[in-house]
Amino acid sequence: MNRKIVILLSLVSSSFIFAQSVEGTITDKENKPAAETEVLITKGEAKFSAITDEKGMYKVPLKEDGNYLLEIIKDGIKTNSEKISVKGNSKKNIQLKEVPTEERKIEGVTVTVKKKLFERKVDRLVFNVENSVASQGLDAIEALAKTPMVRTSDEAISIAGKSNVAVMINDRLLNLNGQELINYLKTIRSDDILKIEVITTPPAKYEAEGKSGLINIILKRNTNLGWNGSLQTSGNYYGGKATTSTRSGATFNYQGEKLSVTSNLSIGDNYWENTSYNYLTGTTDDNYWNTNTKSLSNYRYKGGNVKAEYKINDKSTVGINYNYSFSNPIEQGKSSTKVFNENGLLDISSDYRNKNRRNAHNASAFYDVKLDTLGSKLSLTANVMMNNANARNFYNTITTNTVSTMANPISKYRIYSGQADLEKNFAKIKTEAGVKYTKIKNDSEFNFFNIINGQNILNTDRTNTFFYNEENYAAYASASFKISEKWEAKAGLRYEYTKLEGISMNDDSSAKINYGKLFPTAYISYKASDDHTFSLNYSRRISRPYFGNLNPFKFYTSEYEYSTGNPYLLPSFSDNFEFAYVLKSNLSFTAYYNRNKDNWDRIQVVEGDLKYSIVKNFYNEDQTGINISYNYNKLKWLESNVFVNGFYAKSKSYSPNAVSAPAGYGANFNLDNNFFLNKEKTVTFMLGLWSSIPNRSGNTYFNGNVSVYTGMKLSLMEKKLLINLNVNDILNTNRSKGTEYYPNYDVEYFTKGITRNINLSVTYKFGNNNVKGATKQVKFEESSRAGGGS
């Protein structure tokens, strides 16, 4: 009773204190009442407000007549702003505008403006994931698939027209590559992602390694204390196959006043099947070498990750990051080969069964200290990576008799690095500088045995030990500054000096290479208005060979075929130019030109009754193209993303072992549609496709390709339960096909996997969903060189 009296008295008294008011109704674009909408009226330092009821009605009492600023705020976004004149009690009906106005700060209260979907910064394109309804309720891999210029699969992440993409979390590079990287990103929820930055021409701060660029995933800032967790499981069903692929995982996040911890565990069993052929046909004679192969693989893995950060004080933070992965894949296959040459016709059958064990440990530590109130800071980082691999590979080669062999490759590599990065900010200029040292050591053994009467007899001619040592020294400096309100610029210079040595014990040979190179970067951007942004970028990059491509071991797949590395392989270099334009918030154009020198690739060589593949530097390439990204979200029930990449490529071989593919055009096309089947957008139907037309690179002509997918996405229990059902490659058209050109023969290749499958994934989240845990990663670019080749 007392509470009701107090409320009644306050209402009565306010009618005498506030003799003026503004009242009316707020409606949306469809003239429906806009409930729970804030009406804010200000005059100087005075502020008055009200919230609309379920009928969209409001009333704001005022102290006096006069001129006021009236603003409407819906869901934290300011939609309307106008000046009004008040005399006595005024009526004001308002319809919400669709386009938000700029941010305004009133008496310490910030009215937040919704960011654009795409933003062009001076050195990167930003995709604001939190503003894309279609990108919610997914994992990080699925969110990346909706990012302009980015394409993902279960095996790799790439940027259109580029290669060797590295992924960062909160500006710190992940210490993962290959399948481990994919598995980790699937544990990150898109609801926790603020934005994704696509950096196609990375600035001097980052390693010059890689011809393409970086993808930087920025997570939402953690302002909540507590914990949360999630459980995930998924599986692939292949029509007509007796097996499936499965993956399960769990994550845990804790945020305290000073300590933040994130951990995850995952286990999986991926099944894969390939049918392929490799047909070599002579162009100057009737010789041929035709091979048909069918292979199966079962990639079994488990892994875990722990990240922890401790806030020493308001200025200093320390952290650690540890990743572990174990896999024991089984690979087996059969092939049949027909060879015709000057020695006549030869029929070869072969089969193999490989069993591998791989252990990988990555550990990192960092210390960050803030230097001033302008955001200056010093970061110290240390990294170590250890990988042990041991395999037992059995081969049978059948001609007139059977030759059985066993290979036992053992690889142990270690990567150590340490670096210091200093960011010093001034009123209008931001500077960065740093140094880094990296040591790479890879000791490999290749034990080869002939199996005679069930006994493994060591073949000393094919057995070898290879030692590889590499040291990299790097230093960089850069500065970015605002020339004016519309113009912004950034420039940097990085120097890297490399010493490497490869020693082959079998033939008592060694290769020593030392080189130092400068890598400049430059950027300039012009913001004509909120709807029009232009930028021009340049960077020089390097692509160093993978360890396996430097190893001279001969990996025999039969007595007549093997693959080998090249210890004399050199890095390749590229110069990259880009001109970009962003129109409004959802349309982006990027024109680019890449000049690549000393590119390396694997080529096939025939010598009598022996065929082998080897990695060599053999061509230069020029590529010019344009990317177009468009997001359509005008309809409440539909969000579409369209991406087109068109280019012209011209390669020139300088090696007598390979012939350049004819110059020509190529293109990639992606279309993703999300149809929202209810008002809350918790039920989504998905339909999309990706495709490519024929294109050329080096000595290879790549045929076109296309794949169509569909699926359903459910978000239940206030987004705690997420269910995704996808049908991939509905038409079963996804395959790899092309032709390689050589002086005396052409090689046509084809590979088809079980790409048509049904994937079901279920994620359940519990605890405080606003807790992010430890989110920082540390730079460890060299880890990516450990994979990708043999």
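**Exercise 1. In the predicted model, find which residue of β27 is the bridge partner of M385, and follow the strands on either side of β26.**

Step 1. In this predicted model, the bridge partner of M385 in β27 is I415. The strands concerned are β26 and β27 (residues 402-425), which pair in the antiparallel sense over 20 bridges, and a hairpin of three residues joins β26 to β27.

Step 2. Turning to β25, one finds that this strand and β26 (residues 377-398) are also paired in the antiparallel sense, over 22 bridges, with T381 of β26 as the bridge partner of F366.

Step 3. The hairpin of β25 and β26 has six residues between the strands, and within this hairpin G375 takes a positive phi near 95°.

**Exercise 2. Determine which strands stand at the edges of the open sheet that contains β11 and β16, and explain why one side of each is left without a neighbour.**

Step 1. Write down the strand order of this open sheet of six strands, which is β11-β12-β17-β18-β15-β16, with mixed pairing.

Step 2. The edge positions are taken by β11 (118-120) and β16 (172-173), and because each has a single partner strand, one side of each is left without a neighbour in the sheet.

Step 3. Examine the pairing at the β16 end, where β15 (residues 166-169) and β16 run antiparallel over two bridges, and where I169 stands opposite R172 in β16.

**Exercise 3. Describe how β40 is paired with β39 and with β41, giving a residue pair for each.**

Step 1. For β39 (residues 638-653) and β40 (residues 664-676), the pairing is antiparallel over twelve bridges, and L638 has F675 in β40 as its bridge partner.

Step 2. Between β40 and β41 lies a hairpin with six residues between the strands, in which K681 takes a positive phi near 60°.

**Exercise 4. State how many salt bridges the model contains, and work out which parts of the chain the pair K436 and E207 ties together.**

Step 1. The count comes to 20 salt bridges. In one of them, the side chains of K436 and E207 meet at 3.1 Å, N to O. Because K436 lies in β28 and E207 in the loop between β17 (193-199) and β18 (214-219), this pair ties together parts that are 229 residues apart in sequence.

Step 2. Both partners of this pair, K436 and E207, are buried, and they belong to a network of salt bridges that links E207, K436, R494, E496 and R544.

Step 3. Consider next the salt bridge in which the side chains of K611 and E561 meet at 3.8 Å, N to O. This pair links distant parts of the chain, with K611 in β38 (residues 610-632) and E561 in β35 (residues 561-564), 50 residues apart, and both K611 and E561 are buried.

Step 4. Finally, K527 forms a salt bridge with D530, with the closest N and O atoms 3.7 Å apart, and here K527 is partly exposed, with a relative accessible area of 40%.

Definitions and conventions:
Residues are numbered from 1 along each chain as its sequence is written. This is a predicted model: local features need pLDDT of at least 70, side-chain atom pairs count only at pLDDT 80 or more; totals for chains, interfaces and linings use all residues. Side-chain values use heavy atoms; hydrogens and water are left out. Two strands pair if DSSP finds at least two bridges between them. Helices (H or I, at least four residues) and strands (E, at least two) are DSSP runs, numbered from the N terminus. A salt bridge is a side-chain nitrogen of Lys or Arg within 4 Å of a carboxyl oxygen of Asp or Glu. Buried means under 20% relative accessible area, exposed over 50%, partly exposed in between (1.4 Å probe, protein chains only).
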